[in-house]
Amino acid sequence: MSAIASNQGKTILTTALLYHFKKSVRPFKIGPDFIDPQFHEKVCGTPSINLDTCIMKEEQVQWMFAHYSNKEYAILEGVMGFYDGMDKGSSAYDVSKLLKVPTVLVLDASGSYITLSAVLKGLKEYRSDCTIKGVVFNHVGSQGHFELIKNRVEQDFKDIVVLGWIKKGLETLQSTHLGLDLKESEKEKLEELSQEVLEHIDLGVLERMSQIKKLNIQEYPFETIEKSKQHLAVVHDQNFSFLYHDNLEFLKEQFETVTLVNGINNEEVPKDCDVLYIPGGYIETKEAYERIKDANAFKNSIIAHAKRKRPIYAECAGLLFISKCVDEKKMLGLLDIEFTLSNRFVRMGYYENDLGITGHAFHYTKPKNENIQGEYTLYKGNKALGKVAAFQKGTVFGTYLHTMFRNNFTKIQDKFGF
């Protein structure tokens, strides 16, 4: 599922399809996004898998898709526009081409009809191996409006199927807000929304068009690592929810015991825990901080874990949580560093470090001390940004960089004891 840009309708169509096929679909998200996969799972009940050809090699992404394609249907939601990210090899075009899956394009038809065919022509001709095989038109004014568009597109293209249209001014969208929290009252409206979105879309044609040959992956394209006998604890709750599903699955494969700890519920990190992992999410906002401010048993158990000199690996919000503070918000103080929250993002995009790890960062905070030196040099392309994104004190390590563990675990383990 893709579009020419963000906010064109691919998410609402993806949502409708995930709910319609909820008993038999595996969702995937192209790129490093954490928000959409959480929403996918809330809609259909099955964890969504990130496919990222910038962080992982092509054969590794193929393995991920084959490994998790264990349902009757698979729906892949793209990122930004169809070709956006192609400079890094991580666009919806790149991933759909690699996996040999057809792309359904959602086009906003507001105030247009023949021009939409010209847009499709440009997309098709930009790359000869373009994977666009079907199109759905969004914000369509009427059946007559749709027929004007459909007739022109079918006249101009013999290899693109017009699957249907979504009317403008959907009533269910006007009466609800489908946010990440997806309140129970909104869940009840998912069926109504799905029916309204899919009312004029030919699902039979879509299903036939979506039949693909399964990838035959013979070899495991990652380093084989001996299973650890250690006990790993992972903080996982509404605050620390930026956790790639495959990272969690990999950790369960790698460690003898994995315990999930809900800090918002004031659960304690087990005393026999050998390693603690605190993922990213939100801790610096007022709402997030209030949820955990008085969870003293939880916080004290992390401090006790650090005093036992056992490793802590913390990402992004986890990094902030183990620092001294974010502005006036007091944190755990395990790292001698203070952060401040900016009005504009400080860093966004793919980065590499001198450990040979590629990852993604998106954050609005930065250290108050601009001269502080971190643990490794961060690079954006060929430009060195300095030691600005990872910090360590003894066995406590925090980083802004989110990455995939399956292909980077030994690099992390060798340097930080994780």
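Figure 1. M80 is partly exposed, with a relative accessible area of 48%. The structure shown here and in the other views is a predicted model. M80 belongs to the loop between β4 and α4 (92-99). Although M80 is not a glycine, its phi is positive, at about 50 degrees. The view also takes in N7, which is placed in the loop between β1 (2-3) and α1. N7 counts as exposed, because its relative accessibility is 77%. Along the sequence N7 and M80 are 73 residues apart, while their C-alpha atoms are 8.4 Å apart in space.

**Figure 2. K309 in the loop between α13 and β12.** The loop that holds K309 runs between α13 (296-307) and β12 (312-315). K309 is a residue other than glycine with a positive phi, near 60 degrees. Its relative accessibility is 66%, so K309 counts as exposed.

**Figure 3. The aromatic pair of F21 and Y73.** A search of the whole structure finds 27 aromatic pairs. One of them joins F21 and Y73 in a tilted arrangement, with 4.6 Å from centre to centre and 45 degrees between the planes. F21 lies in the loop between α1 (10-20) and β2 (25-30) and Y73 lies in strand β4 (residues 73-77), so the pair ties together parts that are 52 residues apart in sequence. F21 counts as buried, because its relative accessibility is 9%. Y73 has a relative accessible area of 17% and is buried.

**Figure 4. The aromatic pair of F28 and F65.** The rings of F28 and F65 form a tilted pair, 5.0 Å centre to centre and with 55 degrees between the planes. F28 is in strand β2 and F65 is in helix α3 (residues 58-68); the pair thus links distant parts of the chain, 37 residues apart. F28 and F65 are both buried.

**Figure 5. A ring cluster, and two arginines over rings.** Y277, Y313, Y376, F397 and F405 are linked into a cluster by ring pairs. Elsewhere, R347 lies over the face of Y351, 5.9 Å from the ring centre. In a further arrangement, the charged end of R406 sits over the ring of F222, at 5.9 Å from its centre.

**Figure 6. The crossing of α1 and α9.** The axes of α1 and helix α9 (residues 190-198) come within 9 Å, and they cross at roughly 115 degrees. The crossing in which α1 passes α9 is left-handed. On the α1 side, the contact involves I12, L13, T15, A16, L17, Y19 and H20. These meet L190, E191, L193, S194, V197 and L198 in α9. Nine residues of the contact of α1 with α9 are nonpolar, three are polar and one is charged.

**Figure 7. The crossing of α5 and α6.** Helix α5 (residues 114-126) and helix α6 (residues 143-156) have axes that come within 8 Å and cross at roughly 35 degrees. This crossing of α5 and α6 is right-handed. From α5, the residues in contact are I114, L116, S117 and L120. From α6, they are I149, R152, V153 and D156. The contact of α5 with α6 divides into five nonpolar residues, one polar residue and two charged residues.

**Figure 8. The buried residues of α11.** In helix α11 (residues 245-254), the buried residues are D246, N247, L248, F250, L251 and Q254. Their cover includes the helices α3 and α15 (409-416). It also includes β9, β10 (255-261) and β11 (275-278).

**Figure 9. S228 and its contacts.** S228 lies in strand β9 (residues 228-235). The relative accessibility of S228 is 13%, so this residue counts as buried. Leaving aside residues up to four places away in sequence, S228 touches Q254, F255 and E256. Q254 is also one of the buried residues of α11. S228 and L98 are 130 residues apart along the chain, and their C-alpha atoms are separated by 33 Å.

Conventions:
Residues numbered from 1 in each chain as written. Predicted model: local features only at pLDDT ≥ 70, side-chain atom pairs only at ≥ 80, totals over all residues. Heavy atoms only, no water. Phe/Tyr/Trp six-rings, centres within 6.5 Å; stacked < 30°, edge-to-face > 60°. Helix = DSSP H or I, 4+ residues; strand = E, 2+ residues; numbered from the N terminus. Buried < 20%, exposed > 50% of the residue type's maximum accessible area, 1.4 Å probe, protein only. Lys NZ or Arg CZ within 6 Å of the ring centre and 35° of its normal. Axes fitted to C-alpha atoms, helices over the stretch in contact; angles between N-to-C directions. Left-handed = near helix turned anticlockwise from the far one by under 90°. Contact = heavy atoms within 4.5 Å. Nonpolar A, V, L, I, M, F, W, Y, C, P; charged D, E, K, R; others polar.
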